[in-house]
Amino acid sequence: MKFLTDCMLGRLTRFLRIFGYDTIFAKDLEKEDKVAVPDDDLVEFAQTEKRIIITKDKLLSKKASASSLFLEGEDVYDYLRQMKVRFKSEFQFELKNARCSVCNSTLNQVNNKEEIRKLVNEGTYENIEEFYQCSNTNCKKVYWYGTHIEDILSKIKQIEIE
Ligand SMILES: [Zn+2]
């Protein structure tokens, strides 16, 4: 399952990528002039790439008809719950399956942590052994299991219970 998220869903976009879903953010499709991509172009792009449009915009959702999900509410965890209901999607987190939250590229495990020493703070470098890095050479963001991820996972667990 691949997604296209609208401009209002930046936080959800990052979450979906972290959970390993290939997700293009409509804002990232804007050209230099930063003018929002027209709905018809978004729908065409999504159809070409077989992406499901996730949106807060009822009109866009209608245009994309069956291959879209209109989200109610405002909370990112509620959005994930709605996606779980609709697509039976699992939100299981494993860093090796995650995508870069910034650029949607896949991650590679870092073989020698010396390579990323300058990219993380000293405490993290000393305490963490397992690092992953974005495969996009223009991005190279570094990832590891940390408290931020644990917070997200505990909230996701609450969704599972409901
Ligand atoms: Zn990246």
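Buried area is the accessible area (1.4 Å probe) that two parts lose on being put together, summed over both. The model here is predicted, with local features needing pLDDT of at least 70 and side-chain atom pairs counting only at pLDDT 80 or more, while totals for chains, interfaces and linings use all residues. Residues are numbered from 1 along each chain as its sequence is written, and side-chain values use heavy atoms, leaving out hydrogens and water.

The chain splits into domain 1 (3-87) and domain 2 (95-161), with bounds taken from an automatic or database domain assignment. Their C-alpha centres sit 24 Å apart. Put together, domain 1 and domain 2 bury about 1,200 Å², 67% of it on carbon and sulfur atoms. On the domain 1 side, Arg17, Ile18 and Tyr77 lose the most area to domain 2, together 50% of what that side buries. As for contacts (heavy atoms within 4.5 Å), 15 residues of domain 1 meet 16 residues of domain 2.

Of its 31 residues, Leu12, Ile54, Leu80 and Met83 touch the most other members. Setting aside neighbours within four places in sequence, Met83 is in contact with residues including Phe3, Leu12, Leu16 and Ile54.

Note on methods: Core = buried A, V, L, I, M, F, W, Y, C linked by side-chain atoms within 4.5 Å. Buried < 20%, exposed > 50% of the residue type's maximum accessible area, 1.4 Å probe, protein only.
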